Amino acid sequence: MTPTSSSTASTASSAGVFDDIVRSESSLRRFLHGLPGVDQVGCEARAAGLATRSIKTTSKAFAIDLAIRMVDLTTLEGQDTHGKVRALASKAMRPDPADPSCPATAAVCVYPDMVATAKQTLGESGVNVAAVATAFPSGRAAMDIKLADTRDAVEAGADEIDMVIDRGAFLSGRYLDVYEEIVQVKEACGDAHLKVIFETGELQTYDNVRRASWLAMMAGGHFIKTSTGKVQPAATLPVTLIMLEAVRDFRDQTGQMVGVKPAGGIKTTKDAIKYLVMVNEIAGPDWLDPDWFRFGASTLLNDLLMQRTKMTTGRYSGPDYFTLD
Amino acid sequence: MSNIFEYAPAPESRAVVDIKPSYGLFINGEFVDGHGTSFKTVNPATEEVLAEVAEANDADVDEAVKAARRAYTRVWSRMSGAERAKYLYRIARIIQERGRELAVLESIDNGKPIKESRDVDIPVVAAHFFYYAGWADKLEHSGYGSTPLGVAGQVIPWNFPLLMLAWKIAPALACGNTVVLKPAETTPLTALLFAEICQQADLPPGVVNIVTGAGDTGRAIVSHPDVDKVAFTGSTEVGKAIARAVAGTEKKVTLELGGKAANIVFDDAPLDQAIEGIVNGIFFNQGHVCCAGSRLLVQESVADEVMERLKRRMATLRVGDPLDKNTDVGAINSAEQLAKIRELSDIGEAEGAERWSTPCELPTNGYWFAPTVFTGVSQAHRIAREEIFGPVLSVLTFRTPSEAVEKANNTPFGLSAGVWTDKGSRILSMANRLRAGVVWANTFNKFDPTSPFGGYKESGYGREGGRHGLEAYLKGADS
């Protein structure tokens, strides 16, 4: 998938609409702290309630294929090699070599130095290359280094940039710093799509997640993303629920759609379907599309493939029948 | 962009339940024939006749009370609390083991979604038996003494058939009383299955007697001279009749009656969760809940936003087959109740309130009513004053906390209320000023056996649940 013209247009920077809010630290703080609070118990109960939805037959087949198309197949390890990234990219293009009808994933997600390798393998397959940048995962580096990191990835051919916010600045209430950081990284992205990672496991409260969501959306992020995968807890249903409410409310106010990407800890088809149910019921069916919802995952894909094979053949095959890349 | 992400039907299997063609009365540990005119119980979702059920006449009720009295004097009141507890624990465990069967049967007979009978009703039923089993050998620490009253006559409604049974039977038995219980005529099946569970648990004969029938059977129980205690949950109208019937007798009475609860949303509330609470408050169990949040009081400054969000959320409610695991709102329990809901809703419209119902398709057979909300309602409207007991919400607005309290308390009822705000101090001050037995803060319709439940004013008297619930079944500390 390459960013389509319609999605580029509809996620154009929101600058202008929120000028008054981001004018000063105090006006931004007033706005973020004026957002309706989140009741923890109620939010978790709602997420748990949606997780009991039961999906059957045709919808399940649809959901599995959709989930595969939404996967950002990820490897973010110190031990990554060019060989590993090439293998992963091949898998992203043809997840199930035994079944050509199996769709490709949305993207592969790698460190910036692996972007060129991934791009070379993926070519014009339509599978995007996403690169984590801005001193991922901690985000603890000077601003010019973060921007250089971003430009480096974009120049190497990244279609999407997954940046991390400065959680230290956020938690100490320097919201404007976080806002400007996102704006600058977005500029450095050029045509590449920007996903903004909050690391919700470090933000801790749902109120913070909601504030971070609005901050990132106002700064022009194309996607808001839960986690790096390096901190526990990573993505959870309630956190994703809050973010889905935020993108829904943001569209109500501005007409612009922003995507959501839970990442880390989503391992099974059952989990993925719970997320899709939540997307459908909270944000609405418009978000049931790889342009607007992604899974940051590695092991999830094989479980999706196993369930997919089960749906078509009626039998489970063992893990040895699926590639381990 | 695809929109085919629809939920295919996911029905819970009916195979786990075995509905007999006809049922007798459960008296003295055995099923016996009734001598009244038997009646049919139907599945409200399909209008299918489920079973023929015996009606207990005065003589049958007399037999049941005699059996209860015998069991009381010879066995149950003499048994140590620890021994009684063993039976209650055993019943609680059997309820858990047969939970799926009970849940499916409850949904078939009552019309409530399986999601609720499976995740709320049956687990809370088991929890009640476990909780009161724990009290049975500790009554001297209850503050109400440890002397039982005798035979309890109990009449329960159709909205939570087995749960109301548990609320009545568990504390009664824990305290050493025996019972004669009448389930509602439209939902007798789980009570009769509970009778089987009593047999399975080897409960001594006569400790629990279940007699089925309608108003006449209930009257026979309440007015029976050898009944020491009357416990009733149901309409305020019948509650008043019972209060009159027992006036001047030695009988102790607890009544848990109607409600018209105010669910109060302040402008600083966690709005998304408040919307869930409003939905849960009025559409849980099709609104067949005495403590339902049927009056939404919303602060004017957020009224438009709340209504917009509420309607969007209501549009996602799935109305239909109660046995489908994805169903949120099931069937109205009876044709009679449906007619009452329709009548009051039509009156609401005629009186000038604005009606909005979710655009959902309703099944052709059975009794159904789409989730409905009325805006522009004033205190003078009948839909703001009378209990509708259906999925119908009346929305009023307020400007200040005092106005919210005034409006919330301006009702003959006083069973429950809800407060939604992020401000802890406001929750406490509101809870002090609201004249309601239960005040929920940032949640609604939560039930737990450790928490007492009961009303002010026309919502009845006495408390059920918790330590307070023991008072209704003990003679008191001085006796």
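Predicted model: local features only at pLDDT ≥ 70, side-chain atom pairs only at ≥ 80, totals over all residues.
**Exercises: where the parts touch**

**Exercise 1.** Work out how domain 1 and domain 2 of chain B meet: how many residues are in contact, and which helix of chain B gives the most to the domain 1 side?

*Solution.* 
- Step 1: Count the contacts, using C-beta atoms within 7 Å as the test. You'll find 21 residues of domain 1 of chain B in contact with 27 residues of domain 2 of chain B.
- Step 2: Look for elements that give two or more residues to the domain 1 side. Those are helix 3 (99-110) and helix 4 (114-135) of chain B.
- Step 3: Pick the top contributor. Helix 4 of chain B gives the most, with four residues.
- Step 4: Sort the domain 1 side by class. You get eight nonpolar, seven polar and six charged residues.

**Exercise 2.** Now try the two chains: find which helices of chain A each supply at least two residues of the side that touches chain B.

*Solution.* 
- Step 1: Start with the count. Here 26 residues of chain A are in contact with 22 residues of chain B.
- Step 2: Go through the helices of chain A. Helix 3 (40-50), helix 4 (57-69) and helix 13 (269-283) each supply at least two residues.
- Step 3: Find the largest share. Helix 4 of chain A provides that, with five residues.
- Step 4: Finish with the classes. The chain A side divides into ten nonpolar, eight polar and eight charged residues.

Notes:
Residues numbered from 1 in each chain as written. Chains lettered and ligands numbered in written order. Contact = placed C-beta atoms within 7 Å. Nonpolar A, V, L, I, M, F, W, Y, C, P; charged D, E, K, R; others polar.
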